[in-house]
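The sequence and the coordinates are shown first, and the commentary follows.

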Amino acid sequence: MALAVTPTIFDAAKVFVPDVYEDDRGYFKEVYATQRYREAGITDTFLQDSVSYSTKNVIRGLHYDFAMSKFVQVVRGKVWDVIVDLREGSGTYRKWQGFYLSELNHKQLYVPPGFAHGFLALTDDVVLFYKQGALYDPKREGAVRWNDPTLAIEWPLVGTPRVSSKDQSAQLL
């Protein structure tokens, strides 16, 4: 099985697409194999797997934990996934990049430690699966408001977003 790797504007973040074997019955893909991804540059030891379910126009994030990397992929639906570099001193500090991830394009996004992460559900019934390089610890978690004017993220919104009160009251940079 092969693995396509696409760089991003960030030195450590990458987009992966595994081989997908399709026929009239559906498809099969390997979603993660330690050795294959190590060879592609992901050396993290993932300690926790999590799943989120969202309906259309839900925005989750922008969350960060400087000790945690994430490896995200959509199992059902389509999202606009955004990462923001919060690594002070980085040449891309406070820059963002967005990616369309879907069950049909099979893209996987590696989010290194030091990045904020969030997404907008573009379809109903979005299931997002992610591996985490650290156990969730609410004491380490931070958030930046999804619509922070200094970031000027271009969310492809149609209608009014649905945002948790926690995310709506997150700090501005």
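How many salt bridges does the count come to? The count comes to eight salt bridges. The model is a predicted one, and the points below are grouped by topic.

**Salt bridges**

- Arg-87 forms a salt bridge with Asp-11, and the closest N and O atoms of this pair are 3.0 Å apart. Arg-87 lies in the loop between strand 8 and strand 9, while Asp-11 lies in the loop between strand 1 (3–7) and strand 2 (14–18), so the bridge ties together parts that are 76 residues apart in sequence.
- Asp-85 is buried, and its relative accessible area is 0%.
- Through shared partners, the salt bridges join Asp-11, Asp-85 and Arg-87 into one network.
- A further salt bridge is formed by Asp-49 and Lys-131, whose closest N and O atoms are 3.0 Å apart. Asp-49 belongs to strand 5 (residues 48–54) and Lys-131 to strand 12, so this pair ties together parts that are 82 residues apart in sequence.
- Asp-49 is partly exposed, with a relative accessible area of 43%. Lys-131 has a relative accessibility of 13% and counts as buried because it falls under the 20% cut-off.

**Nonpolar cores**

- The largest nonpolar core has 17 residues. Those with the most contacts inside this core are Val-72, Val-79, Ile-83, Phe-99, Leu-101, Leu-109 and Leu-128.
- Two or more residues of this core come from each of strand 7 (70–76), strand 8 (78–85), strand 9 (96–102), strand 10 (108–111), strand 11 (115–121) and strand 12 (126–132).
- Leu-101 touches Val-72, Val-74, Gly-77, Lys-78, Val-79, Asp-81, Lys-107 and Leu-109, when residues up to four places away in sequence are not counted.

**Largest pocket**

- The volume of the largest pocket is about 460 Å³. The pocket is lined by 26 residues, and the closest to its centre are Arg-60, His-63, Lys-70, Tyr-130 and Glu-141.
- Strand 5, strand 6 (58–64), strand 7, strand 11, strand 12, strand 14 and helix 2 (165–168) each give two or more residues to the lining of the largest pocket. Strand 6 provides the largest share of this lining, with five residues.
- By class, the lining of the largest pocket consists of 11 nonpolar, seven polar and eight charged residues.

**Backbone geometry**

- Gly-61 and Leu-62 are joined by a cis peptide bond, with omega at about 20°. Leu-62 is placed in strand 6.
- Arg-94 is a residue other than glycine with a positive phi, near 70°. Arg-94 is situated in the loop between strand 8 and strand 9 and is partly exposed, with a relative accessible area of 34%.
- His-106 likewise is not a glycine, yet has a positive phi of about 60°. His-106 is found in the loop between strand 9 and strand 10 and is buried, with a relative accessible area of 6%.

**Surroundings of Arg-145**

- Arg-145 is located in the loop between strand 13 (142–143) and strand 14 (162–163). The relative accessible area of Arg-145 is 22%, and this residue is partly exposed.
- Apart from residues up to four places away in sequence, Arg-145 touches Leu-62, Asp-167, Gln-168, Ser-169, Ala-170, Gln-171 and Leu-172.
- Arg-145 and Gly-114 are 31 residues apart along the chain, and their C-alpha atoms are separated by 16 Å.

Technical notes
Residues numbered from 1 in each chain as written. Predicted model: local features only at pLDDT ≥ 70, side-chain atom pairs only at ≥ 80, totals over all residues. Heavy atoms only, no water. Core = buried A, V, L, I, M, F, W, Y, C linked by side-chain atoms within 4.5 Å. Buried < 20%, exposed > 50% of the residue type's maximum accessible area, 1.4 Å probe, protein only. Helix = DSSP H or I, 4+ residues; strand = E, 2+ residues; numbered from the N terminus. Contact = heavy atoms within 4.5 Å. Salt bridge = Lys/Arg side-chain N within 4 Å of Asp/Glu carboxyl O. 1 Å grid on protein atoms, 1.4 Å probe; cavity = no way out; pocket = protein on both sides within 12 Å on 5 of 7 lines; lining within 4 Å. Points joined across faces, edges and corners; volume = space filled by probe spheres on them. Nonpolar A, V, L, I, M, F, W, Y, C, P; charged D, E, K, R; others polar.
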